Amino acid sequence: MSAPAFDRLYVHEAVRDHPRTKRIVERARCRAVEVVADLDEAYSVLREGSGPFVTGKRSLALAPWRDGRLEACPGSRSMRCCLYRVLNIVEGCPYECTYCILQCYLNRPAIVIYPELEKMTAALEADLAKDRSYASRYGTGELADSLALDDLTGFAGELVDFFGRHPGAWLELKTKSTEVDGLLEVGRVPGNVVVAWSVNAEEVCRSEERGASSLGARLAAAGRVRDAGYRLAFHFDPLFRFHGWERAYREVVRRIYAVAAPGDIAWISLGCFRHAPAMAPVHEDRRASGPFLAGELFPVPPDRKYRYPQPVRVEMYRELHRSIREFDPGVYVYLCMESAAVWRWALDMELDPADDAAVERGFPAPPGSTGTTS
Amino acid sequence: MPHADIFQQALLSRIECAEIDGRDGFYFLGPASGQYLKHLYKTIREQGPLRPLWAQRCAEGGYRVVDGFARLGAALDVGLKSLPALVFPPDANPVGLFRARLDGRAGVVSAVAGARALQRIEAVAGYDIDLLLEFTEWMGFSGGLVQLERLRSLRGLEEPVARWCEENLVGPAEAAAMAAFPREGQRGLLVLLRAVNPGGNLLRRYLALIAEISAREGILVEEALSDRVIRSVLTNPQTACSAGRELVHRRLRELRYPETTALEERFKLAVKALGLPETVRIEPPEAFEGDRITVGFGFGDPGELEETAASLALAARSDAARELFRCLGAPDERESGSDT
């Protein structure tokens, strides 16, 4: 599957001559390309169209680097976080997942690409040099799909090369796409690069993840990168509670392990559907369209995000954990944004309340790790 | 000032009531309120019409009312044969006339009447989004495109439901939610609404809950409404009138949140099984989130404190106490076979 066509491409004049800009402009199948001095002005023109959610999927902007593109995952108050470190070189995603949190985080009516990757790698060098008691994991999959636009940007291959030179930290590329050609062109696959797929029950993929690849296609792509030597990871996030969820998610686990052997998978995360209060009106409009968004969600303390009641989440995690363990007794399974109580009751794991890095410490060490991070 | 010129074409004259086509509702904006009609009848009977009608001469003869539908009705009822009228020629721009008619009426046009007016504007001017947005605003429905689309969606309302909405001054958001229901669902809903007549916020909650139950369970709206408890409220007019609104709301919540309802019930049963004095309150954490259960009680003297503490200590060792934590998600040790 190649990257979708875009209606407009805005190029900030500060990056117009950058080689990656030229490459992206050449590869983008764009009806209109415009060099602008102020992207905010371009955004206001776009906003007059059909709203940021729609227009934002069909427009691209190439923006100059700004500091702060490398940051810690914002996490959630009082919830245990995996300390994923986020590389925001793309913001926005061409897919239209109904539950997507970016609908409230990002309000720009365009997908923004920062072509100056060399500035990101410089920031990475500095971050890697920091003394941490665990091996850091970096990824581009927080505000974007890591691979959906890779045939335009080519970022993935460049980052794989970079992390090949820094074996003490993990690079995790998270996707719902099948855009793996760039990864397959890499000469020597480093052991510290993990290609992760966000997976869901077949019916959820079909109904809620518009534009993303089917589950079967994602797993087939996972098989290809595994064959090329990459480690894999899978994220069951968001898990939805619906009639037949047990069978549906068990089937996903079965299909994963039909493609991958236990040692191929570096880690698996589980996270039940949740959303910020600001997303409530968006979901209200969409809730009546199907069973998935119409679950039993309530604003839950301490962060007031909407979640399934805790016992419901615990039951789902416990069930899925059990299914995974049937196939793979050793893989690290962790929970995304859950409390210590949920960890204890769902996974039978006690997290040290005094240790902020307790979740991170459960990850396997990268094969090139020597006790330092780079 | 695109519409100001229409008055240059108008002439004040007296026209025969018999020549007015009272059925032509192109400029109709919904029925007048009972209070206004009462006032109108009184003044017309005592002093004759105090304001002229606005009427447009039809090309084929006769007149259509632009403004003054209620006045015409009252005049006919009290037996007037003619009325003073500001008469516009047949070629007067209907959009301009409609705009002038709406002046000062923002906020008094019901959603259903507004939707119908928009439909008529669209019929003569086409889908001119800017014009339709202006009319939406003039009728007092702020909210731009969202509000316009809501009003346009009211074309899907079944006629009896539209009438109920108009009589009860239902807002565009709620009326649009009803219009999104299929025909049979709207009819089932109408039976419920007529019986318990929920207003404002409660109507909004009803509609959201019904839509969500239908989506979540994959059932039709009418199936959701054919629930045994709801039917029993509807078939008993006395209950429907007295406690019907609240009973239906509670039942809709139970149907919408069945697992949470069951959880709350299970927690209550576990509390009961503890066998504590009634003065002791045991509460789960908010939204069942966390691993702390709250116990509260008052005592009048040290002896009462000692007695309650002893009952609590006894209760803490029971399986019912462990059941409280299982309600929060703690594993069932009995299932895993471990000795607790």
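1. Of the 374 residues of chain A, 60% count as buried, where buried means under 20% relative accessible area, exposed over 50% and partly exposed in between (1.4 Å probe, protein chains only). This is a predicted model, in which local features need pLDDT of at least 70 and side-chain atom pairs count only at pLDDT 80 or more, while totals for chains, interfaces and linings use all residues. Residues are numbered from 1 along each chain as its sequence is written, chains are lettered from A in the order in which they are written, and side-chain values use heavy atoms, with hydrogens and water left out.

2. Chain A holds 15 helices and 18 strands, these being DSSP runs numbered from the N terminus (helices: H or I, at least four residues; strands: E, at least two). Its radius of gyration is 20 Å, close to the 21 Å that the globule rule gives for 374 residues, so chain A is as compact as a globular protein of that length; the radius is taken over C-alpha atoms, and the rule is 2.2 Å times the number of residues to the power 0.38. The C-alpha atoms of chain A fill a box of roughly 55 × 50 × 40 Å along the principal axes.

3. Chain B, by its own count, has 18 helices and seven strands. Its radius of gyration of 31 Å is well over the 20 Å that the globule rule gives for 340 residues, so chain B is more spread out than a compact globule. The box filled by the C-alpha atoms of chain B is roughly 95 × 45 × 40 Å along the principal axes, and 42% of its 340 residues count as buried.

4. On contacts (heavy atoms within 4.5 Å), residues 24 or more positions apart account for 77% of those in chain A with a separation of 6 or more; for chain B the corresponding share is 69%.

5. The contact between the chains takes 26 residues from chain A and 24 residues from chain B. About 2100 Å² is buried between them, of which carbon and sulfur atoms give 52%; buried area is the accessible area (1.4 Å probe) that two parts lose on being put together, summed over both. A:Glu296, A:Pro311 and A:Trp345 supply 29% of the area that chain A buries against chain B, more than any other three residues.

6. Five salt bridges are found by the rule across the interface of chain A and chain B, a salt bridge being a side-chain nitrogen of Lys or Arg within 4 Å of a carboxyl oxygen of Asp or Glu. The side chains of B:Glu259 and A:Arg241 also meet in a salt bridge, at 2.3 Å from N to O.

7. B:Leu328 belongs to helix α17 (residues 319-328) of chain B and counts as buried, at 0% relative accessibility. Leaving aside neighbours within four places in sequence, the contacts of B:Leu328 include A:Gln310, A:Pro311 and A:Trp345 as well as B:Pro285 and B:Phe288.

8. B:Thr136, in helix α5 of chain B, counts as buried at 1% relative accessibility. Not counting residues up to four places away in sequence, B:Thr136 touches B:Leu118, B:Phe141, B:Gln147, B:Leu148 and B:Leu151.

9. B:Tyr127 lies in the loop between α4 (111-125) and α5 (129-138) of chain B and counts as partly exposed, at 43% relative accessibility.
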